[in-house]
Amino acid sequence: MAESKKVDVKKVAQEAKKATETVKATAEKATETVKATAEKAAATAEKKVATTKKVAAKKPAAKRTTKKKEVTKTAVLQFSGCDFKVDDIIANAEAAFKAENKRKAVDDIKVYIKPEERAAYYVVTSGDNEYVGRIDL
């Protein structure tokens, strides 16, 4: 048969009340800890956002610009003890064309140098037309 025990109801109620208070206290501490941790995380996140904004707001560093020296290009044709500057020959050919055709624009110019004749021949394209000429060197 089953034995019956006398249980002191008042004592069990007091123990339950103590356990409930302990659980409540522990829960409150845990809640406070979670809130404090969340506040710290929010503060840290705000600091990171502020730092990021500061970094983004900074002007980019000034670029150092170094000018490259322009290269001087010169072509000289030597023939029979004479020097002929190619740039000057092209400029003279263009000037000769402009003297003959004042209202024509030069689209393209090709210069053929014949040092044995001491002459340069040019072909100027202006629009759809081509003009030829000769200059003495």
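User: How many aromatic pairs does the count come to?
Analyst: The count comes to 1 aromatic pair. Rings of Phe, Tyr and Trp (its six-membered ring) pair when their centres lie within 6.5 Å. Keep in mind that this is a predicted model, where local features need pLDDT of at least 70, side-chain atom pairs count only at pLDDT 80 or more, and totals for chains, interfaces and linings use all residues. Residues are numbered from 1 along each chain as its sequence is written, and side-chain values use heavy atoms, with hydrogens and water left out.

User: Why is the pair of phenylalanine 97 and tyrosine 131 called tilted?
Analyst: Planes under 30 degrees apart count as stacked, over 60 as edge-to-face, and the rest as tilted. The planes of phenylalanine 97 and tyrosine 131 are 50° apart, with 5.4 Å centre to centre, so the pair is tilted.

User: And what does that pair tie together?
Analyst: Phenylalanine 97 lies in helix α2 and tyrosine 131 in strand β5, so the pair ties together parts that are 34 residues apart in sequence. Helices (H or I, at least four residues) and strands (E, at least two) are DSSP runs, numbered from the N terminus.

User: What makes phenylalanine 97 count as buried?
Analyst: Buried means under 20% relative accessible area, exposed over 50%, and partly exposed in between (1.4 Å probe, protein chains only). Phenylalanine 97 has 0% relative accessibility, so it counts as buried.

User: Which residues are in the largest nonpolar core?
Analyst: There are 8: Phe84, Ile89, Ala93, Phe97, Ala120, Tyr122, Val124 and Ile135. Helix α2 and strand β4 each supply at least two residues of this core. A nonpolar core is a set of buried Ala, Val, Leu, Ile, Met, Phe, Trp, Tyr and Cys residues joined through side-chain atoms within 4.5 Å.

User: What is tyrosine 122 in contact with, leaving aside its neighbours within four places in sequence?
Analyst: Contact means heavy atoms within 4.5 Å. The partners of tyrosine 122 include Ala93, Phe97, Ile109, Tyr131 and Ile135.

User: Why do β3 and β5 stand at the edges?
Analyst: The open sheet has 3 strands in the order β3-β4-β5, with antiparallel pairing. β3 (108-114) and β5 (129-136) each have a single partner strand, so one side of each is left without a neighbour in the sheet.

User: How do you know that β4 and β5 pair?
Analyst: Two strands pair if DSSP finds at least two bridges between them. β4 (residues 119-126) and β5 have 8 bridges, so they pair, in the antiparallel sense. In one of these, valine 123 has valine 132 of β5 as its bridge partner.

User: Is serine 80 buried or exposed?
Analyst: With a relative accessible area of 66%, serine 80 is exposed.
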